[in-house]
Amino acid sequence: MNPVNVGLLGLGTVGGGTFNVLNRNAAEITRRAGRGIRITHAAAREFDAAGLPGIEAINVSDDAFAVVDNPDIDIIVELIGGYEPARELVLKAIANGKHVVTANKALIALHGNEIFSAAQDKGVMVAFEAAVAGGIPIIKALREGLSANKIHWLTGIINGTGNFILTEMRDKGRDFDDVLREAQALGYAEADPTFDVEGIDAAHKLTILASIAFGIPLQFDKVYTEGISRITREDVAYAEAFGYRIKHLGYTRRTDKGIEMRVHPTLIPERRLIANVDGVMNAVLVNADAVGATLYYGAGAGAEPTASAVVADIIDLVRTLTADPENRVPHLAFQPNAIADIPVIAMEEVETAYYLRMQVTDKPGVMASVASILGDAGISIEAILQKEPAPGAEQASIILLTHVVQERQMNTAIRQIEALDTIHGDIMRIRLEHLDCD
Ligand code: HSE
C-alpha cells in the first residue's frame, strides 16, 4: 500500500520533534499503522536544519497555504499555534478534504465547535491529543478507555509552567518572578507567559476535557479562571503546615445543577498522589462511576513528549482512513447529535472549602469577631492558625480552613470581615478540594 503523505505546518519545538520522531521510529510506526507515513511538504518561516536530519529531502517553504492546497497531501499537521492563521488553515484543509492533526489547545477551545462541524460535513477527522497535557494520552483515555463510565469529575495539573513555579516556591522558597523568568528561559512558558500564570492555557485545556468528559459543547468563555500570581511563599508554607499543597488545578464536575468548570489555585491534601506531581510534569485525575479513580501522569510539554501525541494521532488517522465517517470515534467522544446543552454553573453557585489568610491587629476579640461573621454566615471553621507579629510589629496573621460552603456566602463573609477596622488589606482566599474518590 502507498505511504500516507503528511503536510507539516510549523517546524518549531513540536514540529521539529514530530519530524524527528516520525523519521527515527519510521519502521515501528509502519508496523503499527499498516502503511508508511512520510512528511513530504512542510511550511516554516525559520527552522534549525541542523537539528532535523533528513529535512533537506522534503519541500519546505514559508507558504502554509501551499501545503494545505497540495493535492498529494492526505493529512495536515498544524503546529503553528495561536488563533489565526491556524483557524483559517485548518478550515481550508478540511474544505480540501484532508484530515487534520493539531496540538493547538487555544484553537480547539475557542473554535472547536465550528471546526468539528465543518469536519463532520466533509467526512474528515480532526485529531487533537497533543492539545491537552502534551504526551499524556488523556483524550484517548477519556474518549475510548473510559467510554463505559459516567464521569463524576476530573481535575488536572495541566500547565507545566505554573506547576514548576509553585514547586520551586515550595521546595526552594524562591519568589514567583524569579521562577517565572527561569521557566521562560527553559522554554516551558507560552509566548505570552500570562497565559500560563493567569490560567488561560489551563482553561483552554479544561474546556476540551470537560466537553469530552460530559458531552457538552466547547465553552471556553464559561470557565472561571484565576491565576497563581497572588500566591505568596507564606501561603505555600501555611498550606504545608495544615498538611496541604497548593496546586493550580483545572477542575470540572457534574452536579445536579449543571457543570462546574474552573481553573484556580487549590489546596489539596498532600497525601493525594496528584499533590506530589512536581516541576513541569502534568497529571489528570478522573473520578468515574464504574472504574473509580484513575490518574494519568507524564510530560505536559516539550518537543518529543508532545510529538508522541501528535504522531499517535497521525497513526490513528491512517488506521481509520478506510473507515466510514460514522464508524469513527466522535471528536468530542459523544455522537454529534447527542451533545447535551447542560448548563455551566456560575462561580457564585459553586460549593467548595476555603483557605483564608488575613492580617489582623493583635488585640483581644479580633479572632472572635472573625469567627462570629463566619458563624452567622453558616460557615464552619475546620482549622485555625495564628502567627504572632514579627518583633516590633502590631499585626498578626490568621490563617484558617473552612468546611464546604457556597462561594456566594463566602464572598459576603469576606466582604464583612474586610470591613472590620481590625483587619488590614485584602483577605487571601484559596479554594480547597479534598478530592475524595469514594
Ligand atoms: N505552556 C504550556 C505549559 C505548554 O507550560 O504547560 C504546554 O501546553
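Me: Hi! Is Ala 133 buried or exposed?
Reply: Ala 133 counts as buried, because its relative accessibility is 1%. Buried here means under 20% relative accessible area, exposed means over 50% and partly exposed is in between, using a 1.4 Å probe and protein chains only. This is a predicted model, where local features need pLDDT of at least 70, side-chain atom pairs count only at pLDDT 80 or more, and totals for chains, interfaces and linings use all residues. Residues are numbered from 1 along each chain as its sequence is written, and side-chain values use heavy atoms, leaving out hydrogens and water.

Me: What about the phi of Ala 133?
Reply: Ala 133 is not a glycine, yet its phi is positive, about 60 degrees. You'll find Ala 133 in the loop between strand 6 (126-127) and helix 6. Helices (H or I, at least four residues) and strands (E, at least two) are DSSP runs, numbered from the N terminus.

Me: And what is the phi of Leu 435?
Reply: Leu 435 has a positive phi of about 55 degrees, and it isn't a glycine either. Leu 435 sits in the segment after strand 17 (423-432) and is buried, with a relative accessible area of 5%.

Me: New topic: which residues surround the ligand?
Reply: Among them are Lys 105, Asn 159, Tyr 188, Asp 196, Asp 201 and Lys 205; a residue is near the ligand if one of its heavy atoms lies within 4 Å.

Me: How many Å is the side chain of Lys 105 from the ligand's oxygen atom?
Reply: An N or O atom in the Lys 105 side chain is 2.6 Å from an oxygen atom of the ligand. For Lys 205, a ligand oxygen atom is 2.8 Å from a side-chain N or O atom. With Asp 196, a nitrogen atom of the ligand is 2.8 Å from an N or O atom of the side chain.

Me: Which elements give two or more residues to the shell around the ligand?
Reply: Helix 7 (160-172) and helix 10 (200-214) do.

Me: Okay, strand 7 next. How many of its residues are buried?
Reply: Six of the seven residues in strand 7 (151-157) are buried, so the strand is mostly covered.

Me: Which way do strand 7 and strand 11 run?
Reply: Strand 7 and strand 11 (residues 281-288) run antiparallel, joined by six bridges; strands pair if DSSP finds at least two bridges between them. Gly 156 has Val 284 in strand 11 as its bridge partner. Strand 7 also pairs with strand 9 (residues 244-255) in the antiparallel sense, over four bridges, and there Trp 153 stands opposite Arg 253.

Me: Last one: which residues does a cis peptide bond join?
Reply: Glu 84 and Pro 85, with omega about 5 degrees. Pro 85 is in the loop between strand 4 (75-78) and helix 4.

Conventions
A polar contact is a pair of N or O atoms within 3.5 Å; within protein, one must be able to donate a hydrogen and the other to accept it, and residues adjacent in sequence count only if both atoms are side-chain atoms.
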